[in-house]
Amino acid sequence: MSVDKQTVAKIAGLARIKMGDDQLEALVPELNNILDWVEQLGEVDVTGVEPMAAVIPGAMRLRADEVDADPKTGGGRQGDVLANAPAAEHGFFGVPKVIE
Amino acid sequence: MTDFTELGVKAIRDGVASGDFTAREVAESFNAAVAGAAQLNAFIVTTPDHALAAADAADAARASGKALGAMAGVPIGMKDLFATHGVQTTAASHILEGFTPQYESTVSANLWNAGAGMLGKLNLDQFAMGSSNETSYFGNVASPWRKEGANASMSPGGSSGGSSSAVAARIAPAATGTDTGGSIRQPAAFTGICGIKPTYGRCSRWGVVAFASSLDQAGPMARSVEDCAIMLGAMASFDAKDATSLDAPVPDWEAALSSDLKGKKVGIPREYRMDGTDEAIMASWEQGKEWLKDAGAEIVDISLPHTKYALPAYYIIAPAEASSNLARYDGVRYGLRDLPDGAGLQDMYAETRAAGFGDEVKRRILIGTYVLSAGFYDAYYTQAQKVRALVARDFDNAWAECDLILAPTTPTASFPLGSLNDDPLTMYLNDVFAVPASLAGLPAMSVPAGLNPDGLPLGLQLVGKAFDEQTVLNAGLAIQERAGFSAKPERWW
């Protein structure tokens with residue numbers, strides 16, 4: 001499978017990265033080289049093989065049903081959460097108007 | 001007078017504990033060395049006051065007869081991928097420039113609790129994506145090493161290139177690294193130092209800027225195997241805040257170090273004999289076998305049949321996870337925001353990410369987005385995950401015949417900065433020997449083996465069974481004792 005400029009533009013749109021024509025054009029051969037190369041994975045017989053999603057198989061742990069069990073990940077830290085926001089307003093994250 | 005910057009973790013810790021010198025003297029020496037090595041560009045920010053405060057705390061604890069931590073009085077470099085409370089954390093990106101965490105990563109907190117101090121935040125490839133330290137927004141890191149008789153700046157490896165450069169240049173006795181597909185081992189090999197990536201889950205990922213979550217693992221980089229054992233012990237812990245953290249006791253690796261390998265079988269994977277591997281690397285591999293035999297180990301040939309497919313599988317899985325992880329950089333909650341006049345929310349996302357990410361990061365996000373997109377998911381991503389299972393199974397089968405594996409760390413020695421930039425694929429091939437252990441989550445270490453004919457360091461890699469860092473460290477020690485690697489870069493900075 002290979003990508004053309006239109007496909008790269010579509011992927012860039014999905015990834016929310018603005019790209020100019022020259023950037024899209026430069027990426028076409030780069031991405032195709034990489035995609036051609038990973039294509040060799042198709043040779044591998046994977047019949048009956050389960051996809052591996054985790055290195056150490058194990059069940060997810062449950063935490064204690066306790067409010068703010070770990071203060072670092074608990075609530076009541078609005079100031080910390082907003083400290084690095086580019087536009088914090090009235091205790092919220094500010095964003096451009098989304099409703100007309 | 002002792003030149004403190006020649007000392008490693010163990011020597012500093014023991015010297016401070018016995019009162020041979022103070023932690024403050026050590027911290028002052030390293031702070032001065034860091035300040036004098038700006039040309040290496042190893043640090044993004046320096047934190048001399050942090051190092052001094054930790055040193056004073058260690059000296060005060062000793063004076064009052066309190067027990068000292070495992071890293072008491074040791075100033076270290078912190079890869080700028082770990083969130084540090086109140087100290088800028090960027091992942092070497094523009095999008096996180098100025099980001100000041102309100103909390104401390106578990107690994108760095110563990111190190112401070114053990115008595116270590118911080119010299120500064122170390123440069124790296126942007127979001128840990130790179131093998132040469134040329135993708136940082138804050139500029140390339142230079143290796144302290146140069147080819148004999150040449151002046152070209154060499155790559156310190158990547159992504160932990162600030163870490164490797166600083167430790168090799170003696171401006172830090174040790175540093176943290178992170179390894180997703182070789183980012184501790186390859187830079188360690190390029191700069192003649194040691195580095196170990198433990199079993200996946202040993203070190204908490206909480207507070208580590210995420211690249212590929214199923215692969216990312218932190219580990220120490222230092223100039224000796226003993227120093228790595230001490231520092232890994234201080235970094236590792238079970239952490240409920242990381243869902244993939246290993247809920248198992250942390251062994252005392254330092255106490256159990258032994259270079260006696262009697263009864264151990266060392267596997268030599270035949271598939272690692274690849275075309276294009278440097279002759280000097282092949283020679284060092286042969287030498288490594290002899291050293292391990294001399295330490296009492298038996299050498300056996302093994303097969304890891306899916307080796308060839310590990311790297312392409314990695315370059316689907318890692319970008320896929322990265323494209324998902326990096327979706328968080330949206331200009332809303334932290335980091336850069338680029339909001340042109342009159343732009344809406346979607347434009348803000350696209351402008352912010354265009355301005356904030358470097359080319360290699362964008363390339364990987366696009367690859368990841370593509371392989372996860374509708375219609376391609378099974379052909380690329382599911383297939384890669386199945387191949388990953390086969391790579392891991394190869395290792396499981398190998399453990400029936402051996403206790404650990406010896407291989408080169410990299411296919412070549414370091415290369416001049418700028419020499420491999422034309423083709424991303426050539427750069428990716430640097431990690432061909434490192435990636436299989438990453439996919440399988442196994443502990444793996446690089447130790448210096450010697451110099452090539454150009455006078456550049458070469459590393460040997462040891463890969464162990466899951467949870468068996470001890471055998472990896474022990475074999476590393478056996479090589480260290482026999483290699484007697486004492487070469488150091490001549491100061492030009």
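Which pattern does chain A follow, read along the sequence? Color by secondary structure and you can trace α-α-α-β-β, from three helices and two strands. Helices here are DSSP runs of H or I with at least four residues, strands are E runs of at least two, and both are numbered from the N terminus.

Before going further, some housekeeping. This is a predicted model, where local features need pLDDT of at least 70 and side-chain atom pairs count only at pLDDT 80 or more, while totals for chains, interfaces and linings use all residues. Residues are numbered from 1 along each chain as its sequence is written, with chains lettered from A and ligands numbered from 1 in the order in which they are written.

**Stop 1: chain A on its own.** The C-alpha trace spans about 50 × 45 × 25 Å along its principal axes. Chain A has a radius of gyration of 23 Å, well over the 13 Å from the globule rule for 100 residues, so it is more spread out than a compact globule. A residue is buried with 20 or more other C-beta atoms within 10 Å of its own, exposed with 12 or fewer, and partly exposed in between, with C-beta atoms placed from the backbone.

**Stop 2: the contact.** Bring chain B back. The contact draws 45 residues from chain A and 54 residues from chain B, counting pairs whose C-beta atoms, placed from the backbone, lie within 7 Å. On the chain A side, select α1 (5-14) and α2 (21-38), the elements that give two or more residues. Of these, α2(A) gives the most, with seven residues.

**Stop 3: a strand in chain B.** Select β9 (residues 404-408) of chain B; five of its five residues are buried. What covers which face? B:L404, B:L406 and B:P408 are buried on one side, B:I405 and B:A407 on the other. β7 (residues 265-269) of chain B pairs with β9(B) in the parallel sense over two bridges, and β11 (residues 457-464) of chain B runs antiparallel to β9(B), joined by five bridges. Pairing takes at least two DSSP bridges between strands. Click B:I405: its bridge partners include B:G267 and B:V463.

**Last stop: a helix.** Select α10 (residues 345-356) of chain B, which has 12 residues. Its buried residues include B:M348, B:Y349 and B:G356.

Definitions and conventions
Two residues are in contact if their C-beta atoms, placed from the backbone, lie within 7 Å. The expected span of a helix is 1.5 Å times one less than its number of residues. The radius of gyration is taken over C-alpha atoms; the globule rule is 2.2 Å times the number of residues to the power 0.38.
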